[in-house]
Amino acid sequence: MAGSLPLDGSNADYEAIPDPMAPLLDNYLLTPYTLRSIEVHGATQTRRGLLDHVLNPIIEESAKGPTTLGELRARLTQASNKLSRFDIFQPDRILVSVVDQGQPGPQSAIPELDVSISVWEQSRLLLRGGTDFGNAEGSAYTRAIFRNIFGGAETLAIDASAGTRTRSAYNATFSTPLNGNPDVRLAVDALRSSTRKPWASHEEHLTGGNFRLGWQTKAGDDHSLAYSGVWRQLTNLAAGASPAVRDDAGDSLKSSVTHTFIRDRRDRSGPLRQSGYILRTESELAGWGPLKGDVSFLKSELHLNGATPLTLPGVSVGGGFRVGILYPLGFGFSLPGRGIRPSRINDRFLLGGPTDVRGFQIGGLGPRDGQDAVGGDVFAAGGVNMLLPVPRTGPSSPFRIQVFANGGRLVAFKNKGKAKEEGVSSTLDSRTVLDGMKSAVGELVSGLPSLSAGVGLVYAHHIARFELNFSLPLVARSGEEVRKGLQVGVGINFL
Amino acid sequence: MSTKSVRSWMPPIPRPLERLFNSVPLLTYDANELPARAQSSTASDIPTLYVFSTEEDARKGLPSFNPKCLKWQTFLKLSKIPFNIIPSTNHASPTSQLPFLLPARKPSPTASKPPGGIEPIPSSKLEDWVLSQKQKDQASPEKQDEKFHPRQEAYQSLLDVPLRNSWLYTLYLDPTNSNLVEKLYIHPSSSSLWIRATLRHQLRRAAESAILTTTHSVSSGGPLKGFAHGVVHPDEIYRSAKEALEALAYELSIDNRGAEGNTGWFFGATEPGLFDAEVFAYVYLMVRFFSRPESAEGEKESGEEETKLWLGDLVRQAGNGELVGHMNRILELTWPDLVVRDA
């Protein structure tokens, strides 16, 4: 008698479905078996080594002695999940079948099993073109992805794009799983771009690269650790550019190590994400010690967004919170007395805009020199919103009415009048920096934050979220660029 | 501002809405303070000249090491206009070239308001700006611009081509001066070896092409033929520079003796003008950076390397030292501490 038990690798929730035949199945799954062979079909371009990494654990476990069908099934499910995460096989088409030989093997009285895994490889070259929506930017791109280049699930992606803000951007990324583990990837990235920064009257040209190690924990949290070296050139200043921007024009090299952590526990059932939370932290150490470069600082940011559904269908309340600090450091190999340099415009934070603190222009919050948003070293921003279904379309549609209030503060590090006395003095000592940062943090909570409130329409699409809001500023600092009335926001991450 | 942009594609804002817009924000605090790096430059209430310089030199107001920047720095000093200088890069300039001047900011109406924007003045418009400032102060029409001397145009071309080329060649292309270029232009830009290497290459290429374009454009029959093949000939540059310096020294000497009086300035002017400032800029920098060191003179006699251009020595040897005299006269008016005594 030959039985076949198909296992669908991509369906991890299989066990959750109540099954009237469960007792019978349980009995069946506890039957001891030995594994005789595993065959993989269809992986013609894939290296044996990669498959070994995934399948060897199963063979090793089985070699220790007889296993039950249930154990084997769990291991095979895990293996096929792993295979699908390499992103080289067509998803939902990884078929695992187990064939019971129906008779004991020559060595023992326990029946043997043959496992066969069928996969369909995705095409190795993928060319794509289209439009992208980033935060407050639209762009057109072309992308070439070379999959599984050396048969070990290595990917090379080459992008070229141009858009409303990005004059041009070229990017090439080579990434490979480490040790046959799809959850640990090493990537090398090279980039060159030039971007308009109209809120600060300049263009920034970037040339650089980075090494990135990304891994996913068992709990599903993403980490990445990257080293990057980027040559930044601030150039093509507008005629009315302010002295603050002119001072920072020119070249600088940022050499930094960045750790990023993402815990996404949002509801994946729809693009509206009306329950759960997402936490994102980013910490960057630049120029310190062996890193060198022209800038030296510690920059940390935390973003937290969450929502919880109310009892009425389609109604939820949500909130968002963001904080960040940029702390200037001394150079590891600096000459004595060279001191600490205050931050540059391209390292400082910006705050405000349709995807950020709504009711303000892009970079509308915080210090300004003339018409330029020159950014700040410390910020905190928060918002609350309530989503309501649009009458007649109902809770299942991707449209919602939104009522929101949000606000924030962006403050620059202060050098308490010392620089003015000494003329053009560009370095500080660590004591001054500490005092300056303390007073900047203190400034964050002095008085009400700049605030705005409004209502709007939200359309959630799986690529991006669109918002049309009517908002009014309630509290602002003199010179901050408020936006009264309608504002359109397109982006992925909103406050 | 935002309401204006809405109006452009929407019907006029209804009255009640406009009233609502005018009533918000309900609370307005004082403006945010600027970041530390920006505080010193924006606090100034006198004009700022952006030049190539070091931070320390800039604080003391010492001469820039770039001829074009020094020309305007000198001219502004000669015009007795108070100004600060800030070390900068070409990227900061509206014309992608230093120097340029940022006029003083008009004080904002209230202290709580952030400072307003100001338009920079590129070097091409600096002379007009200086004249307008002088007229404002003296309330008497300035005659200087009418006295454009007929010989000036011819002499200007000596500065624009042979003198400039010799400066470009000596500083950027003569390998014996590479340390100087590093110190003056490359090291201040970035501490990164990669950026420095790229800038070094760009500077050399720019200097080379600047020399070749000028020599090309005048190569038809001029004294500079022989450059037409896209190769820089140091001997030619050296010879032309020598001729130009001799000519400038001669012009000074005839003006000194001539009927126009012993003013000591070019073209018999009563006061040093822009042309004097430009000659001074080259002469001063050539003497400062490219004078043959005393100790090395003995070795040079043995004639081991004749390609090295000691431009400072050419300046001293031109005529009967009129150029050094001229330089010192300008220094007396601008940086009296820097007058070269030994000459």
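What follows is a short exchange that sets computed values against their definitions.

Q: How do you know how far to trust the model, and how are its parts numbered?
A: This is a predicted model, where local features need pLDDT of at least 70, side-chain atom pairs count only at pLDDT 80 or more, and totals for chains, interfaces and linings use all residues. Residues are numbered from 1 along each chain as its sequence is written, chains are lettered from A and ligands numbered from 1 in the order in which they are written, and side-chain values use heavy atoms, with hydrogens and water left out.

Q: What makes A:N236 and B:K80 stand out in phi?
A: Most residues other than glycine have a negative phi. A:N236 is not a glycine, yet its phi is positive, about 50°; B:K80, not a glycine either, has a positive phi of about 60°. A:N236 sits in the loop between β12 and α4 (243–248) of chain A, and B:K80 in the loop between α5 and β3 of chain B.

Q: Which accessibility class does each of those two get, and why?
A: At 43%, A:N236 falls in the middle class and is therefore partly exposed. B:K80 has 70%, so it counts as exposed.

Q: How do you know that β2 and β4 of chain B pair?
A: Two strands pair if DSSP finds at least two bridges between them. Strand β2 (residues 48–51) and strand β4 (residues 100–102) of chain B are joined by 3 bridges, so they pair, and they run antiparallel. B:L49 has B:L101 in β4(B) as its bridge partner. These strands belong to an open sheet of 4 strands in the order β3-β2-β4-β5 (chain B), with mixed pairing.

Q: What makes β3 and β5 of chain B edge strands?
A: Each of them, β3 (84–87) and β5 (121–122), pairs on one side only.

Q: Why is strand β12 of chain A called mostly covered?
A: Of the 14 residues in β12(A) (residues 222–235), 11 are buried. On pairing, 14 bridges join strand β11 (residues 202–216) of chain A to β12(A), and 13 bridges join β12(A) to strand β13 (residues 250–264) of chain A. Both pairs therefore meet the bridge rule, and both run antiparallel.

Q: What makes up the interface of chain A and chain B?
A: In contact are 66 residues of chain A and 57 residues of chain B. The buried area (accessible area, 1.4 Å probe, that the two parts lose on being put together, summed over both) is about 5,000 Å², with carbon and sulfur atoms giving 60%.

Q: How many salt bridges does the rule find there?
A: The rule asks for a side-chain nitrogen of Lys or Arg within 4 Å of a carboxyl oxygen of Asp or Glu, and across this interface it finds 0 salt bridges.

Terms used. Helix = DSSP H or I, 4+ residues; strand = E, 2+ residues; numbered from the N terminus. Contact = heavy atoms within 4.5 Å. Buried < 20%, exposed > 50% of the residue type's maximum accessible area, 1.4 Å probe, protein only.
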